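Hi everyone, thanks for coming.

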Amino acid sequence: SDMEFEVVPISTVGDKVLDVALSKIGEKSLFTKELEVALHKNEVDFVVHSLKDLPTVLPEKMVIGSILQREDPRDAVIMKKGSEFTKLSELPSGSIIGTSSLRRSAQLKANYPSLVFRDVRGNLNTRLRKLDNGEGQDYAALVLAVAGVSRMGWSERISEMLEPSQCMYAVGQGALGVECREGDTSTISLLSSLHHRETLMRAIAERAFLRTLEGGCSVPVAVNSVFTEEGIELTGGVWSLDGKESLVQTCHIQFKDYEGASDAE
């Protein structure tokens with residue numbers, strides 16, 4: 001049956017406060033709160049988030065109705081227009097790299113100690129303009145999520161994809177999560193058809209790790225997950241802000257140890 005959907009655009013604190021690093025705003029639900037208020041007031045029936053922005057503990061009476069197929073979860077390097085360099089490892093000592101993520105800067109400081117990492121806020125258009133026109137800082141490159149860049153149609157600007165050994169990604173990065181009201185069975189059943197099994201399993205493992213650490217925007221926490229027929233291999237890490245200290249471990253989660261998980265559709 002044909003259904004009509006009305007799209008309601010809502011701005012959040014994270015969208016509006018563009019001149020302060022996210023980690024300094026000190027709020028965990030920067031990109032979700034206003035959406036959840038609308039959901040609570042029955043103004044909307046479900047809300048779509050970047051899964052990495054969705055806190056691991058949801059407000060009372062809210063649930064994740066669906067987790068959609070993940071795009072490439074990695075981070076990418078975008079060089080200034082006309083740059084002769086294509087990789088972070090080629091950049092001269094003292095080059096300024098723009099990123100507002102403590103997770104990225106802590107890992108990259110550890111791997112590229114000669115580079116300088118500075119905040120860059122604003123939407124993707126603004127950040128690319130700052131990079132290319134040298135506004136504010138003379139950035140040599142930006143580090144951004146591949147998924148965001150490709151959703152905007154700018155994949156051709158990517159000059160290097162960062163592998164887990166260089167920079168592991170944020171929990172849920174690259175996936176969309178749809179949140180709805182707990183008792184709303186018709187919306188829940190509508191959304192459940194959008195679940196992507198592999199993404200769902202990886203997201204549960206990654207979010208469980210983050211929930212244990214209670215890391216929000218202000219803690220450098222990163223993951224890498226690999227899905228196999230038997231289970232999930234999850235690598236998780238936490239870094240000091242300067243990247244000098246880190247704790248990284250890998251665990252293997254076997255589906256057979258969890259009754260019913262292997263046939264979850």
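A quick word on the model: it is predicted, local features need pLDDT of at least 70, side-chain atom pairs count only at pLDDT 80 or more, and totals for chains, interfaces and linings use all residues. Residues are numbered from 1 along each chain as its sequence is written, and side-chain values use heavy atoms, with hydrogens and water left out.

Let's start with Ser100, which sits in the loop between β4 (96-98) and α4 (102-111); helices (H or I, at least four residues) and strands (E, at least two) are DSSP runs, numbered from the N terminus. Ser100 is buried, with a relative accessible area of 10%; buried means under 20%, exposed over 50%, and partly exposed in between, using a 1.4 Å probe and protein chains only. Leaving aside residues up to four places away in sequence, Ser100 touches Asp119, Val120 and Arg121, where contact means heavy atoms within 4.5 Å.

Now the pocket. What is the make-up of the lining of the second largest pocket? The residues there divide into 11 nonpolar, one polar and four charged. For the classes, Ala, Val, Leu, Ile, Met, Phe, Trp, Tyr, Cys and Pro count as nonpolar, Asp, Glu, Lys and Arg as charged, and the others, Gly among them, as polar.

Finally, the cysteines. Cys167 is buried at 2% relative accessible area, while Cys251 is partly exposed at 36%. The disulfide count is zero, taking a disulfide as a pair of cysteine sulfur atoms within 2.5 Å.
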